[in-house]
Amino acid sequence: MSNLNVVIAKDYEELSKKAAEYIASSINAVPNGVYGFATGGTPVGTYKALVDLYKEGKVDFSKITTFNLDEYYPILKSNENSYDYFMKENLFNHVNVDLSRINLPNGEAKDPALECVEYEKKIVEAGGIDMQLLGIGTNGHIGFNEPSDCFSSSTQLISLTQSTIEANKRYFESEEQVPKQAITMGIKTIMLVRKILILISGSSKAKIAKEFLKGSITPKVPASVLQMHSDVTVILDKEASAEL
Ligand code: F6R
């Protein structure tokens, strides 16, 4: 299984605790580091466990800088489905992070192409990302880098595939309300991160977990590129590991 460090947790709760401990110990090792966060259903338990660790005095967010992987486009920050809103609700409002050092792609940007260039520049100016949390789509996407004929490079505006719109419509009132585009860090941006933690939970991810971990490296399964990264930890729960 290449050089990926694979950890199998007995259930979602254990996966969340292990992930939170990994992130907290990364922050404790580099308290003024740059940390990349993800959204979606999978990391919700991880953020809850991280807030608990914060309340127990086991991690201090006061000096970190953050960059999120992606954001829908266009979307208002005040929209409850925006990733800006998600991060505040699930993590930032509950810990002592400095809100002036939080970065997400701006779903309200007038010029999304310029926003992508500036987002990438901000990551470089911050010295790159020390640790990035990732989830995986049932189609193998990481961030919103959808299956394609070639791996993407830096932060860009992409069109969501129908399967991603289907998977994410559960959060919206109707499918029509799901934005059809998103701004996402590119595969190259993600590969430049120093260390990566990717979480895979539930039986609906068992098939893609196998393709990601045991299949060949192909842009048809964007996550498979991580097999070439030198520091990746994968935490799966039992259900997601069923086909390994
Ligand atoms: C979220 C993101 C996506 C999700 C993926 C899995 O910031 O970039 O790649 O990680 O769609 O989503 P869930 O966890 O909802 O299954």
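These legends accompany close-up views of a predicted model. Local features are taken at pLDDT of at least 70 and side-chain atom pairs at pLDDT 80 or more, while totals for chains, interfaces and linings use all residues. Residues are numbered from 1 along each chain as its sequence is written, and side-chain values use heavy atoms, with hydrogens and water left out.

**View 1. Phe 37 meets Tyr 47 edge-to-face.** Rings of Phe, Tyr and Trp (its six-membered ring) pair if their centres lie within 6.5 Å; planes under 30 degrees apart are stacked, over 60 edge-to-face, and the rest tilted. Nine aromatic pairs are counted by this rule. Here the ring centres of Phe 37 and Tyr 47 are 5.8 Å apart and the planes stand at 80°, so this pair is edge-to-face. Phe 37 belongs to strand 2 (residues 34-37) and Tyr 47 to helix 2 (residues 44-55), so the pair ties together parts that are 10 residues apart in sequence. Helices (H or I, at least four residues) and strands (E, at least two) are DSSP runs, numbered from the N terminus. Phe 37 is buried at 1% relative accessibility, and Tyr 47 is buried at 0%. Buried means under 20% relative accessible area, exposed over 50%, and partly exposed in between (1.4 Å probe, protein chains only). Phe 37 and Tyr 47 also form one aromatic cluster with Phe 86 and Phe 92.

**View 2. Tyr 83 and Phe 144 form a stacked pair.** With ring centres 6.2 Å apart and planes at 15°, the pair counts as stacked. Tyr 83 lies in helix 3 (residues 83-90), and Phe 144 in the loop between strand 6 (131-134) and strand 7 (156-159), so the pair ties together parts that are 61 residues apart in sequence. Tyr 83 is buried, at 9% relative accessible area, and Phe 144 is buried too, at 2%.

**View 3. Here is the largest pocket, with a volume of about 620 Å³.** Among the 33 lining residues, Thr 39, Gly 40, Gly 41, Asn 168 and Arg 170 are the closest to the pocket centre. On a 1 Å grid over the protein atoms alone, a pocket is an open set of points where a 1.4 Å probe fits, with protein on both sides within 12 Å along at least five of seven lines; lining residues have an atom within 4 Å of a point. Points are joined across faces, edges and corners, and the volume is the space filled by probe spheres set on them. Helix 5 gives the largest share of the lining, four residues.

**View 4. Thr 39 sits in the loop between strand 2 and helix 2.** Thr 39 is buried, with a relative accessible area of 13%. Beyond its neighbours within four places in sequence, Thr 39 is in contact (heavy atoms within 4.5 Å) with Asn 68, Asp 70, Tyr 83, Phe 86 and Met 87.

**View 5. The peptide bond from Tyr 73 to Pro 74 is cis.** Its omega is near -10°. Pro 74 is placed in the loop between strand 4 and helix 3.

**View 6. Met 185 occupies the loop between strand 8 (181-184) and helix 6 (187-191).** At 0% relative accessibility, Met 185 is buried. Not counting residues up to four places away in sequence, Met 185 touches several residues, including Phe 67, Leu 69, Tyr 119 and Ile 190.
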